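I opened this notebook to record what I looked up in the structure, in the order in which I looked. The sequence and the model come before the entries.

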Amino acid sequence: MPNLLLRSLSHTASACIFLLLSACSEAPAQSLATAANTPGESHTNLPATIIPAASEQLSFADWRALLRSDAIAAGIEPELFDRAFAGVSPNPEVLAADSSQPEFTRPVWEYLDGAVSPARIARGRSLLAQQRDNLTRIERRYGVDGEILVAIWGLESNFGSNIGNHNVIRSLATLAYQGRRQVFWRSQLLAVLQILQHGDITPERLIGSWAGAMGQTQFMPTTYNQHAVDFDGDGRRDLWNSSTDALASAAHYLQASGWQQGQPWGFEVLLPGDFDYSLADPENRRSLAEWTRLGVKPVNTSMSMASASPATLLLPAGHRGPAFVLLSNFRSILKYNNSTSYALAIGLLADGLRGGAGVHGSWPRSDRQLGRSERIELQTLLAQNGLEPGPADGIIGANTRKAVRAFQQRRGQPADGYPSYELLEQLRNY
Ligand code: CA
């Protein structure tokens, strides 16, 4: 993905309104002998030779030797392991990126300006036309429409033009040896060795993002092993060089994530003046018919509002910004990349490729965004007022939003859960 240094390694959707670019795609459990896919989770099947606490005391060479025997025990050929690790040493830049906690992140509207730019829509439309036959075959096979796939292609690698230039073995070895979530990174490293052994790519051509996301759709190795497909029929799953394989693999992944063919991701809506904004919570699912009874009106959709489809309401910039109703396909996009802003960008870009007019509501562009230290201060002040925002980590998750809402309700304000600068000021003087 572009803007890698801004990517946080948070894995909660709720955190990502502020952490605009969250971590790479994650796959469900893998079939690896040592699979441990959940970040930071300990795993009982992990060989005893490498445990995160001990690995820091090992030299890199000793650590690599232990990894080598585990990889061979898991079926990796010794010659392949040695070829992949030839000349590999830890990369300090990767460690710095892994521990980076930027003070400022872009507001959602600035992120969307870049992600869904007129130039990207124009390029995407031209590629959509070029790839029409492939996309039709892919949709027939996996039930995912071409506009969504081209949108993912556009955001992940600028349509294949930015696939990263890090040596993936070096990045993953660095993170597995010294990073913050060594068990997770080690499972990615073993998965990438399996990709090499499968013959999809040679070690010399194995490049990706600093965090090991690979190819035109930026799949993490475990995701790759589970969902990448050879759709152009040359015998290799090649997400680096084959756009056809990349687009089909993204479709296969979305299908496995519950994609509903023919359903939109969601759409923009207008809310009545007296709307109860506390209903805009990812845990509050209601049918479209119920939202309609509450006065929610689509700006423009062909979908029947009498539908029983479960939907949630999203206010990415609080009650003064645009509102969106989200359907289950939005949650499928979140499985690809667990960031609300990312999923919204994919949906809006796909709409733009279909000729949609863009967002109707206006963003509160003059709003001052809270920096990381201000978000921590906000959480500390909410906790001091007995509102239980969760740990003061600067991540605006579900608990912090609930606490913000409770404070807004106390003050008789629209309870949208949005942590504005004005709200922080009120808390400081409370
Ligand atoms: Ca292929």
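My entries on this model follow.

**Entry 1: ground rules and confidence**

I note that this is a predicted model, in which local features need pLDDT of at least 70, side-chain atom pairs count only at pLDDT 80 or more, and totals for chains, interfaces and linings use all residues. Residues are numbered from 1 along each chain as its sequence is written, and side-chain values use heavy atoms, with hydrogens and water left out.

I looked up the confidence, given as pLDDT (the predictor's confidence in each residue, from 0 to 100). The chain averages 88, and 87% of the residues score at least 70. Over residues 1–52, however, pLDDT stays under 50, and for this segment the model has 155 contacts beyond four places in sequence, a contact being heavy atoms within 4.5 Å.

**Entry 2: the chain as a whole**

I counted 18 helices and 7 strands, where helices (H or I, at least four residues) and strands (E, at least two) are DSSP runs numbered from the N terminus. Of the 430 residues of the chain, 56% count as buried; the term means under 20% relative accessible area, with exposed over 50% and partly exposed in between (1.4 Å probe, protein chains only). Among contacts between residues at least 6 apart in sequence, 68% join residues at least 24 apart.

Asp234 lies in the loop between α11 (221–227) and α12 (243–256), and Asp245 in helix α12, 11 residues apart, a pair that links distant parts of the chain. Asp234 counts as partly exposed because its relative accessibility is 40%, whereas Asp245, at 0%, counts as buried.

I traced an open sheet of 5 strands in the order β4-β6-β7-β3-β5, with antiparallel pairing. Its edge strands are β4 (286–287) and β5 (297–298), each of which pairs on one side only; two strands pair if DSSP finds at least two bridges between them.

β4 and β6 pair over 2 bridges, with Arg286 having Ala311 in β6 as its bridge partner. β6 and β7 pair over 3 bridges, and here the partner of Thr312 is Leu326 in β7. Strand β3 (residues 266–270) and strand β7 (residues 323–326) pair over 4 bridges, and Glu268 stands opposite Phe324 in β7.

Why is strand β6 described as largely enclosed by the rest of the structure? The reason is that 4 of the 5 residues of β6 (residues 310–314) are buried.

**Entry 3: aromatic pairs**

My search of the whole structure gave 17 aromatic pairs. Rings of Phe, Tyr and Trp (its six-membered ring) pair if their centres lie within 6.5 Å; planes under 30 degrees apart count as stacked, over 60 as edge-to-face and the rest as tilted.

The rings of Phe60 and Trp63 have centres 5.5 Å apart and planes at 25 degrees, so this pair is stacked. Both residues lie in helix α2 (residues 60–73), 3 residues apart, about one turn of the helix. Phe60 is buried at 12% relative accessible area, and Trp63 is buried at 0%.

Phe81 and Phe85 form another stacked pair, 4.3 Å centre to centre with 15 degrees between the planes, and both are buried. I also noted one aromatic cluster formed by Trp109, Trp265, Phe324, Phe330 and Trp363.

**Entry 4: two further distances**

Ser69, in helix α2, is partly exposed at 40% relative accessible area. Ser69 and Phe81 are 12 residues apart in sequence and 9.8 Å apart in space, C-alpha to C-alpha.

Pro419 sits in the loop between α17 (398–410) and α18 (421–428) and is buried at 5% relative accessibility. The C-alpha atoms of Pro419 and Ala403, 16 residues apart along the chain, are separated by 9.9 Å.
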